[in-house]
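This report is written for a reader meeting the structure for the first time. It takes up charged pairs, nonpolar cores, a surface patch and some backbone features in turn.

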Amino acid sequence: MHSTSRVVPAVAASAVLMLALAGCGSSATPSSAPTSIPDSMDAAGEKVTVWVMQDDYSQDTLDAINTTFTKRTGAKADVQIQQWDGITTKLSTALSTNNPPDVVDIGNTQVAGYADGGALMDITKYRDQLEQGQTWLDGLVDPATVDGSLYAVPGFAGARSVIYNKKTWAEAGITTVPTTWDELTADLDQVKAANTASDFSALYLPGQHWYVGMQFVWDADGEIAVDTDGIWTGELGSAKAQDGLAAWKEFQNTYSAAASRTLSTDSPEQEQIFADGKASAIVASNGAVDVILGANPSLTADDLGTFALPGQSGKTQPVMLGGSDWGIAAKSSNQELALVWTQIAASPEIQNDYVFGVSGWIPNSTEGIEAAQATLSDSKVGFFQAALNSRATPASPGWSGIEGSNALQELFSSVANGSATTKAAAATFDAVVDSALK
């Protein structure tokens, strides 16, 4: 799965983005916004330009969208594949011109930055037509909703789930997937008792793994920050968030090797730890299965199982989704055609038959996920289950700077390793939020 932020991981990226978008104000001269998205139109000889990030959508998917688009409108779509290197500057610059790409493929947590800079069209009044009877995943649509207005349409998702070694669990006497918190902890206790090496983790969970740390906070009904009349305030010091941080510490300390409390997911790589047999489970994204199998050829996909991490709340823990949204340029001269193209890309047919059916991505709606689950193997099903309960980071243009810094990693690691109390760690992080998300 691609990075959730889809943005250059540095505070400087936010500054570049906002500076480049400074010209996206009222000087825009877009086409007149249509009152609704037409079912058909005669636009022969016209075209829309669509920017798609490399490897996000298969050629079969794009061809299917374009074929339907031309049938409905008579127009053509000029799809241009974009490379990741330098995309933040390239895209923000392009959107500030009077001849921008009409439709753009944007990482879900990038949307707020472009929307705040005036680069994206407000598509709120078309939401029902764009949803097409589907229930979009919260983790995709929430970051695309800024101050109550919708600025992008969910495209696809990736999620994190538990990946576990079926053989290791079976040798410990476990043959069914845990679906509750009590079952999960009982199973991990059993695995831990059967594997007593000091460097073995029943569930390897590096202390800096903030994506999972936030699952514990959200499961306790806590939040990173709250928006009151446009002002974001850090919220990890609240009682509910504190309960989540305490639960994170206890779980991490109990089931992951002590050495992991200060580590990140990639140094050492958690997939390698799992492949080497030093952990019976990890929490990782969709792409981790292939990494594990590549790291240990003696393992097969049938040896791996996946499941959404159960929470103490009685539900699966809310996950932060990675993925993409479709945005329409505020300065596009083809907004009506752009809306048609985007509606097709988000349609159940494209989502089910191509985004999932061809590419294997998690579709953009709960209905799409539920339709897909019956066909999924044990090594894939957990990611789709996890995506049904998703949350989002703050829809603020300043968020990418926080995510690109080490503040989140330091927060959860300091709690896990005991270098700070949950209260002190939260106070430090909340101060960062209060400053960055003004």
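D78 is partly exposed, its relative accessible area being 26%. In this predicted model, D78 forms a salt bridge with K47, and the closest N and O atoms of the two are 3.8 Å apart. D78 belongs to strand β2 (residues 76-82) and K47 to strand β1 (residues 47-53), so the pair ties together parts that are 31 residues apart in sequence. K47 is also partly exposed, with a relative accessible area of 46%.

Side chains of opposite charge can pair when their charged atoms come close. A search of the whole structure finds seven salt bridges, and the pair of D78 and K47 is one of the salt bridges described here.

K167 and D303 meet through their side chains in a salt bridge, at 3.8 Å from N to O. K167 lies in helix α7 (residues 166-171), while D303 sits in the loop between α12 (288-295) and β11 (304-307), so this contact ties together parts that are 136 residues apart in sequence. Are the two partners buried or exposed? K167 is partly exposed, with a relative accessible area of 48%. D303, by contrast, has 10% relative accessibility and therefore counts as buried, the limit for that class being under 20%.

A further salt bridge joins the side chains of E223 and R391, with 2.4 Å from N to O. E223 is placed in the loop between α9 (210-219) and β8, and R391 in strand β14 (residues 390-391), so the pair ties together parts that are 168 residues apart in sequence. E223 counts as partly exposed, at 27% relative accessibility.

## Nonpolar cores

Which residues touch the most other members of the largest nonpolar core? This core has 54 residues, and the ones with the most contacts to other members are F69, L91, L95, L120, I123, W326 and W341. Helix α13 (residues 335-345) supplies the largest share of this core, with seven residues. There is also a second, separate core of 48 residues. Among the residues of this second core are M214, Y255, L411 and A416.

## A patch of negative charge

On the surface, D116, D147, D227 and D229 gather in a patch of negative charge. One of these residues, D229, is located in the loop between β8 (225-228) and β9 (231-234). The relative accessibility of D229 is 79%, so this residue counts as exposed, the class for values over 50%.

## Backbone features

Most residues other than glycine have a negative phi, and most peptide bonds are trans. Which residues are joined by a cis peptide bond? The bond between S267 and P268 is cis, with omega at about 0 degrees. P268 is found in the loop between α10 (239-255) and α11.

D55, a residue other than glycine, has a phi near 75 degrees. D55 lies in the loop between β1 and α2 (59-73) and counts as exposed, at 58% relative accessibility. D221 is not a glycine either, yet has a positive phi of about 70 degrees. The loop between α9 and β8 holds D221, and E223 is placed in the loop between α9 and β8 as well. With 46% relative accessibility, D221 counts as partly exposed.

How many residues apart along the chain are G277 and N165, and what separates their C-alpha atoms? They are 112 residues apart along the chain, and their C-alpha atoms are separated by 8.7 Å. G277 is in the loop between α11 (270-275) and β10 (281-285) and is partly exposed, with a relative accessible area of 45%.

F307 lies in strand β11 and is buried, with a relative accessible area of 2%. P268 is the residue joined to S267 by the cis peptide bond.

Terms used: Residues numbered from 1 in each chain as written. Predicted model: local features only at pLDDT ≥ 70, side-chain atom pairs only at ≥ 80, totals over all residues. Heavy atoms only, no water. Patch = residues over 30% accessible without salt bridge, like charges linked within 9 Å, V, L, I, M, F, W, Y side chains within 5 Å. Areas by Shrake-Rupley, 256 points an atom, 1.4 Å probe, with all protein chains shown as cover. Salt bridge = Lys/Arg side-chain N within 4 Å of Asp/Glu carboxyl O. Lys, Arg positive; Asp, Glu negative; His and termini not counted. Charge placed at Lys NZ, Arg CZ, Asp CG, Glu CD. Helix = DSSP H or I, 4+ residues; strand = E, 2+ residues; numbered from the N terminus. Buried < 20%, exposed > 50% of the residue type's maximum accessible area, 1.4 Å probe, protein only. Core = buried A, V, L, I, M, F, W, Y, C linked by side-chain atoms within 4.5 Å.
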